[in-house]
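Please read these notes with the model open beside you.

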Amino acid sequence: MIHASRAPRRLPRIVAPYARTLLHPSRRRYASITDVANLPKPGTHLHGFTLQRTKHVPELELSALHFKHDKTGADYLHVARQDDNNVFSIGFKTNPPDATGVPHILEHVTLCGSEKYPVRDPFFKMLPRSLQNFMNAFTSADYTMYPFATTNAQDFKNLMGVYLDATLHPLLKPADFVQEGWRVGPENPLVESQDAQDLVFKGVVYNEMKGQMSDATYLFYIRFMEHVFPSLNNSGGDPAKMTALTYDQLKTFHQEHYHPSNSKIITYGDQPVENHLQMLGATLDQFGESEPDSDIKLPVDLSNGPNMVTIAGPIDPLTPPSAQYKTSRTWMMGDPTDILESFGLQIATSLLMDGYGSPLYRALIESGLGTDFTPNTGYDNSARRAIFSVGLNGVTEENVPKVHEAITAALQEVIAKGFVKQKVDGVLHQLELGLKHKTAAFGLNLVQRLKPGWFNGVDPFDALAWNSIVEGFKAEYAKGGYLEKLLGKYLANDNTLSFTMVPSPTYGAELAAEEAERLERKITETVSQFKTKEEAHEHLRMRELELLHEQESGRSESLDSLPTLHVADIPREQRKVELRFGESQNGTKVQWRETATNGITYFRALSLFKDLPDELRMLVPLFCDSLMRIGTKDKSMEELEDLIKLRTGGIHLGYHASTSPRDTQTAEEGLMFSGHALDRNVGAMYDLISRILTETDFDSPKAQKMIRQLLQSSASGAVDTIASGGHGYARNYAAAGLTPRGKMAEQTQGLTQVGLITSLAVAEENEQAMIELIHKLKMIQALAVANLKLGSRVALTCSPDVSSNNEQELAKFLTTTTSTNLTGNLSANNPPLQTNLQYPPGVQTFFNFPYQVSYSALTLPTGPYTDRSTASFAILAQLLTHRHLHHEIREKGGAYGGGAFSAGNNGFFGMYSYRDPNPENTLRIMRDAGRWAAEREWSERELEEAKLSVFQSVDAPRGVSEEGATRFLSGIDEAMEQERREWLLDVDRGQVREAAETLAGQMGEASVVLLGERKTFVSEERGWVVRDLGIAEKQAAINEEEVLESAAA
């Protein structure tokens, strides 16, 4: 997986641990996991390592131990903390020598088999043999890391062994290189053909990066990085350069970079460090010392600025072509090893950009110069020299210079006038809350925060010293002018890089032409090695068949060398979460979770809608955005944002829909609002939520302009948003006709929602349409407030000692909010509303998008959560994913991903593919999957692996704020969860076969959705319904504009 580690960073959100007392037996029985007095002392030699230093960080409730391996010099950091979600990560410095993507392809190929585990693809085969809650690998700009997390001690040992052997002793077979990297081969090798038209580029990473390059947002960012860091090549790989990489170059890169001397290793959690040292020492002792890659790449020298770069990019067919310029300005900042200065710059740059009242938002977006910030916007301190960028999407050609002028003017004004103290206090309050907020992903977040800087010279001990950093900042800030001086030091100059992407109507065609020319060259190179073209084509076909044979043989190979957990490792009893139920004074149902929360109260409320018309439902997301944008009659949104930051950890509003656990054709929907605050600020939190919900002034003179900007911002980059998760959009649309909740989800977060927002954005200059739109938003506001009294429920999580106060504050909130009368917004002369949009099930639907790869989904209805048969479908989904679809769609088909899923809470079963070069073959595999599964004799081991896979999510650790959420949101009680748990554990082969037969029998009624460029098999004659969200009409306008420009030239 390619990982944009150099994405701009906002203020770090450090979170606090579970307060648990967990003791683990070991040869040293530590009295406390984090007590430095009871941990090894610096200078101690253990299993080939020497402890260099230790540090206790009380504010994060952890202790850090830095070891160095004696033979290789490998750095190892152990973070001891009372958290049973233990994390491991090994990473290597991998400066890419070119743009062929060798670090990225190597990341994939290392996981395809190793000396100790010589099976095909042990990484994917370990997924169902584990109870991990996170397991992945990332290629970042200049390093590659392999992290996992699990709460099971044996599982941790198993996965650590596989990861160490995979990275340090991979087989690196040629077949894995061509499967994961790139190759030329016939699209369908089973069809005998010597026609060069049948030859295409293949490869999992190749297709992944073709998908990335279809995303204009990613393209802008990666091209920007190529110019700001010219010494640091594209680690993910540019498809245009990727086909120059050879197998020998891959092996050499591994030999030079994947060595313990070039590694950084981190473990985290409550397991004894000696256990980790013993395993690490046994592995690393096999190596001698090697010269690490200590070349820390620096950004371009801008001292002779200003510098300007302009490149071409794709057209977004869903937004006006005249406003598709993307432009940004970048400055060089300081050395991130100066932790205090870097922290100050993070705060200063955050204040410049975050929130509707921030200087840069006002100067660039509120002014109408563009729609939203570019992806490189922000302060990036992941390299040895930090950079700061500000950019804007949705800009017209004539406004490009105005954007840069506005950036300069806004910065000059801030440097001259400074920041209001209240805004700085709000940031510091957020940091205080962040320390107290409990999350299950603390360890993973910590590892991902420390690794980039550690590889570039930032001492992780300095980065962990949170209190000293914050106190140091407060001391400097108290002197006056600190943040303004920092900004003036780095931004009060014109030593900049201005980077602009110009929309080109011919970009897509040029990309396709380049690939076609490159393919022809590769075919010609192959033909030159044979006597005839026919022999060369036959060679390529036979090589593809050999790869298919190797892939097929991997399906039946013994996996005895791989470690595994067993179903016996899964507790049969569901973990108990004690809940209390009551009613407020006005009769609202209240769910209480009373537990240790570190002094924070967490609040959720649902205002339930009844018989909401489709037209209003589809506007609920815009309504929620508007509530957090417009402001009230007496307070602007900037003032409200300041209060939110000063008094809460955040306030959120959103649409909610859930299926009844007893009947898939019954669903509820409503407005959900939530927030959390320190116990002392609960009253203030409720007051803010009430004001925002009831007093937002839709009649304000500024309301229309703000809603237009929200629409433009949402519409801008919609095509890119879909490209990053196209399989999810396909799945939503495919499920829309199966259940009421499926329809609700599609209308509020699917392609239907995208189509609505883009159409509203295009029509935003229509005054009458805007008046009608605002009237509908006011109707939603009135319904939400009225339904708080008629149909609502609340969930509170807090410490037992503050329950009484919370109950009183909640009563005040409900009384105040429900006494507001907005029924005038529901007048009888409202225009008629669309109430029944149809999504017929069993239809094949194609959506045309300008992507180089496709996304697909197929869905079928199953049953409710309380139907025992749905447990069999959950197991079948895992069996199909790991035993069939991954193999056929990814390994053989070249898609980046593919699998099956069972939406047990929502009553449907489905399959999907992601960044898929061969969707026709994929859909054939999906349609045949039920028959394939029904005819297979499943072993007990395969069933066991499927159950382990299911329980990875069922038993995944959850933060305290999420405890009781399933009951509150879905109505699934403890008895239902326990019953379903037992059903899942007890599924047998007969039940799986029955589920597969049901799937096969219903396949003719499946709903199928495909996104991407139209292929020849997509035709009305073959039963396809073709939709394009208006893209065809907009593309015609773009083409006409191109013709006119050519004629004028």
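1. Leaving out residues up to four places away in sequence, which residues does Leu 364 touch? Keep in mind that this is a predicted model. Leu 364 touches Leu 369, Gly 370, Phe 373, Val 390, Leu 392, Val 403, Ala 406 and Ile 407.

2. Leu 364 also belongs to the largest nonpolar core, which has 160 residues. Together with Phe 603, Leu 364 has the most contacts inside that core. Helix α29 gives the largest share of this core, 10 residues. Another core lies apart from it and has 85 residues, including Met 126, Leu 245, Ala 383 and Met 501. As background, nonpolar side chains in soluble globular proteins tend to be buried together.

3. Helix α29 runs over residues 767–790, 24 residues in all. From first to last C-alpha it reaches 35 Å, close to the 34 Å expected at 1.5 Å a residue. Asn 766 caps its N-terminal end, with a side-chain oxygen 3.1 Å from the backbone nitrogen of Gln 768.

4. At its start, a side-chain oxygen of Asn 152 comes to within 3.0 Å of the backbone nitrogen of Gln 154.

5. Where is Thr 371 placed? Thr 371 sits in the loop between α11 (359–366) and β14 (372–373). With a relative accessible area of 10%, Thr 371 is under the 20% limit and therefore counts as buried. Its side chain makes polar contacts with the side chains of Asp 372, at 3.3 Å, and Ser 716, at 3.1 Å. Not counting residues up to four places away, Thr 371 touches Ile 365, Leu 392, Asn 393, Gly 394, Gln 712, Ser 713 and Ser 716.

6. Val 1009 lies in strand β28, residues 1007–1012. Its relative accessibility is 2%, so Val 1009 is buried. Ser 856 is 153 residues away along the chain, yet the two C-alpha atoms are separated by 5.6 Å. Beyond four places in sequence, the contacts of Val 1009 include Ala 730, Tyr 733, Phe 847 and Ser 856.

7. Some backbone angles deserve a check. Most residues other than glycine have a negative phi, and most peptide bonds are trans. Asp 121 is not a glycine but has a positive phi of about 60 degrees; Asp 121 lies in the loop between α1 (102–110) and α2 (122–126) and is buried at 4%. Leu 172 has a positive phi of about 50 degrees, is found in the loop between α3 and α4 (174–180), and is buried at 7%. The peptide bond from Gly 305 to Pro 306 is cis, with omega near 5 degrees. Pro 306 lies in the loop between α9 (273–284) and β12 (307–313).

8. How many disulfides does a search of the whole structure find? The search finds zero. Two cysteines can be looked up here: Cys 112 is buried, with a relative accessible area of 2%, and Cys 624 is buried, at 4%.

9. One annotation comes from a record. An unreviewed UniProt entry marks residues 501–760 as "domain: Peptidase M16C associated". In the model this stretch is 50% helix and 19% strand, and its end C-alpha atoms are 26 Å apart.

Methods:
Residues are numbered from 1 along each chain as its sequence is written. This is a predicted model: local features need pLDDT of at least 70, side-chain atom pairs count only at pLDDT 80 or more; totals for chains, interfaces and linings use all residues. Side-chain values use heavy atoms; hydrogens and water are left out. Helices (H or I, at least four residues) and strands (E, at least two) are DSSP runs, numbered from the N terminus. Buried means under 20% relative accessible area, exposed over 50%, partly exposed in between (1.4 Å probe, protein chains only). Contact means heavy atoms within 4.5 Å. The expected span of a helix is 1.5 Å times one less than its number of residues. A polar contact is a pair of N or O atoms within 3.5 Å; within protein, one must be able to donate a hydrogen and the other to accept it, and residues adjacent in sequence count only if both atoms are side-chain atoms. UniProt positions are given in the numbering used here, feature names are shortened, and annotations may be inferred rather than shown by experiment. A disulfide is a pair of cysteine sulfur atoms within 2.5 Å. A nonpolar core is a set of buried Ala, Val, Leu, Ile, Met, Phe, Trp, Tyr and Cys residues joined through side-chain atoms within 4.5 Å.
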